[in-house]
Amino acid sequence: MMENDRYYVERCLDGHPDDFRHLVRRYQPVLLAHLAGKLGSRDRAEEAAQETLVRAYFKMDTLRKPESFFAWLLGIADLVAKEEQRKESIRRQRESVRASVEETTEPELSQDFSLEAAVAALPEAYRTVILLRYYGGLSCAGIAKQLDVPLGTVTKTLSRAYAFLRDSLQGRTVSEVQQ
Amino acid sequence: MNCAEYQGLLAAYLEGLLTDSQKQAVEEHVKQCETCRMELEGLQTLQQRLVGNGKALAQSDLEEQVMNRIIREQSARLKSAGQAGMGLRLRRLIMKSGIVKLAVAAAVILAAAGGIFLWTSTKSGVALADVLAKMEQVQAFIYHMDNHMKMTGPGAAPAEVDVKMTWLIADGYGMRMDASVPDPATGQMVEEQTYLLPEQKVMLTLTPAKKQYERMMLDDVALQKQKDESSDPRRLIREMLAAPCKDLGKTVLDGVEVQGFRTADPAFTGGLRNSDTTLWVDVKTWLPVRMDVKLKVNEQMEMRISQYGYQWDVPLSAAQFHPVIPPDFTAGVADGMKIPAMTEQGAIEGLQFCIEFLGKYPESLDPGEMMKMFQSLQANPTPAMKKLMQEAAQSKSVEEGTARTMKAITPLQSLMMFHMSLVAQKKEPVYYGKIAQPGDIAQILLRWKTGENEYRVIFADLHAATVDADTLAKLEAGLPK
């Protein structure tokens, strides 16, 4: 049976590190999608996701609201990604990877970097909903509950996010779309 | 509705969140409207791409990698973790985990038992006999004792507890122990002094930082034990004399020429098979310089006890052994608790406790097995256990909860310690908990030797009797196979 984040966070804090497994399982795709888009490569994303999860585990006692584990985790992921980018001056590589992916007409299913990059480039509110819906396996109702917003807000946000993604995948940036 | 409005509904449509009439309206509209149909198809394609990407990312084997790294880093961090970090983890553990409470309780008992069993019985030996003779001339001495305990468990974060003690022992006055122990509530190291007060049958602990005192009650047997043997290193030598001991030869330790002795005899540590004790003696004075005991209670619990910094024949005054409780000190939660009695009666109460809490006798009285049994009892609590856990959880403070649990499991500690004492004294204890049926007046449950051709038996209905070897043989022959 799947419990909520709060339950597993408490379990970890109470000295059951093995229960962290459930949180890893739950957020692995989200983190990978989030990080792959930022870092431009699956290998780097995996490394960064690993680092993020390990850091999260050891910092768990600083998490004030266990129910906001997801947002907190993404915050750590952003930090890790920034460090990675600085370290590897990844930005250039990301551009080149993106370019190479766009050249291949049919990206491999497991290596959809252009999509991951588009997701990563979304404004935060839209990105969160996309990540939870497609990588966190939540329904719209589940997202509404997790983010504590009305269901209608979730579908509207999702709708806007789709628009951003499609524009982004067609080569336009979010800021251009917003203008 | 215009096209923009229809397009605004498409995301909800794809999620199946529209009402029947809205759904129908959307479907009707896209049949007729090319733009909106294209829009819907575009969204479906994007959705499939997102789903596919999500599935692909879920297949990564990050989970094992992360869990392995956490386990590795956890142990690395623990090694380098200072007292402060450990304190935090310890506090969290003690607060929330009943298992750890019990493990800590068991460990405290084992530390005490270890201290006690390290020093009993006599037999002739070679060099060690000289050491003992020499030590028996010493009137008063001080030494340090460090107790390090490490617990790991299935699904539990490793916990380490360090207790530092200084013992003052004077033949004419008694004993006193100054200790630095981690406070279960804060993890901070707290200083305390413990005095053995034989006239009042009390062990008194003063904790100045908390302005607190706690009096632990001793029964006659426990008192006698404490009085005679309280961590007096002289008992170590007596005990080592009785155990198969290896002479490690001479070496230099902290600039002093020493000779080493080593034993792994389980009787030496109350029946723990995984033990290793080393004693280093100054070759000039024949007095101990250092002693190390390593104990592995079970897969989950290890302990290291070190004694060092001996100061022989130091001037100690009577005042150092007579505590005064300052008027502004108040009684702590453990005040008035009984120290587990290592007596037959204590053991019987422990067995009764098992019937009440387990519904049966434990399969083994080995400390490691007993701990395991208690852990599984916590995982699948019987109604009696549930009640105990709830009571502890409802306590006003962490200390009170811990004290309650400790108090409740005292009979179990008595049982465990009594059995350990039988092993240590080589009284040939045999325990039949696996096959004994509670309540059976004729079935033997625990027996040990009390003299030539004389045994004491606790039966499965918990009455006890003294029998001769023939009767015992008949009783044991009648046991179910």
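Contact here means heavy atoms within 4.5 Å. The model is predicted.

**B:Cys36 and its neighbours.** B:Cys36 lies in helix 3 (residues 34-58) of chain B. Leaving out residues up to four places away in sequence, B:Cys36 touches B:Cys3, B:Tyr6, B:Gln7, B:Leu10, B:His29 and B:Val30. Is B:Cys36 buried or exposed? B:Cys36 is buried, because its relative accessible area is 1% and buried means under 20%.

**Helices 1 and 2 of chain A.** Helix 1 (residues 5-13) and helix 2 (residues 20-39) of chain A pack together, with their axes 8 Å apart. The angle between them is about 140°, so helix 1 of chain A is oblique to helix 2 of chain A. The residues that make this contact are tabulated here.

| Helix of chain A | Contact residues |
|---|---|
| Helix 1 (residues 5-13) | A:Asp5, A:Tyr8, A:Val9, A:Cys12 |
| Helix 2 (residues 20-39) | A:Phe20, A:His22, A:Leu23, A:Arg26, A:Tyr27 |

By class, the contact has six nonpolar, one polar and two charged residues.

**Helix 10 of chain B.** Helix 10 (residues 344-358) of chain B has 15 residues. From first C-alpha to last, helix 10 of chain B reaches 20 Å, close to the 21 Å expected at 1.5 Å a residue. Its buried residues are B:Gly346, B:Ala347, B:Ile348, B:Gly350, B:Leu351, B:Phe353, B:Cys354, B:Phe357 and B:Leu358. B:Gly359 follows helix 10 of chain B, and the phi of B:Gly359 is positive, near 80°.

Technical notes: Residues are numbered from 1 along each chain as its sequence is written. Chains are lettered from A and ligands numbered from 1 in the order in which they are written. This is a predicted model: local features need pLDDT of at least 70, side-chain atom pairs count only at pLDDT 80 or more; totals for chains, interfaces and linings use all residues. Side-chain values use heavy atoms; hydrogens and water are left out. Axes are lines fitted to C-alpha atoms, for helices over the stretch in contact, and angles run from 0 to 180 degrees between N-to-C directions. Helices (H or I, at least four residues) and strands (E, at least two) are DSSP runs, numbered from the N terminus. Angles under 35 degrees count as roughly parallel, over 145 as roughly antiparallel, 65 to 115 as roughly perpendicular and the rest as oblique. Ala, Val, Leu, Ile, Met, Phe, Trp, Tyr, Cys and Pro count as nonpolar, Asp, Glu, Lys and Arg as charged, and the others, Gly among them, as polar. The expected span of a helix is 1.5 Å times one less than its number of residues. Buried means under 20% relative accessible area, exposed over 50%, partly exposed in between (1.4 Å probe, protein chains only).
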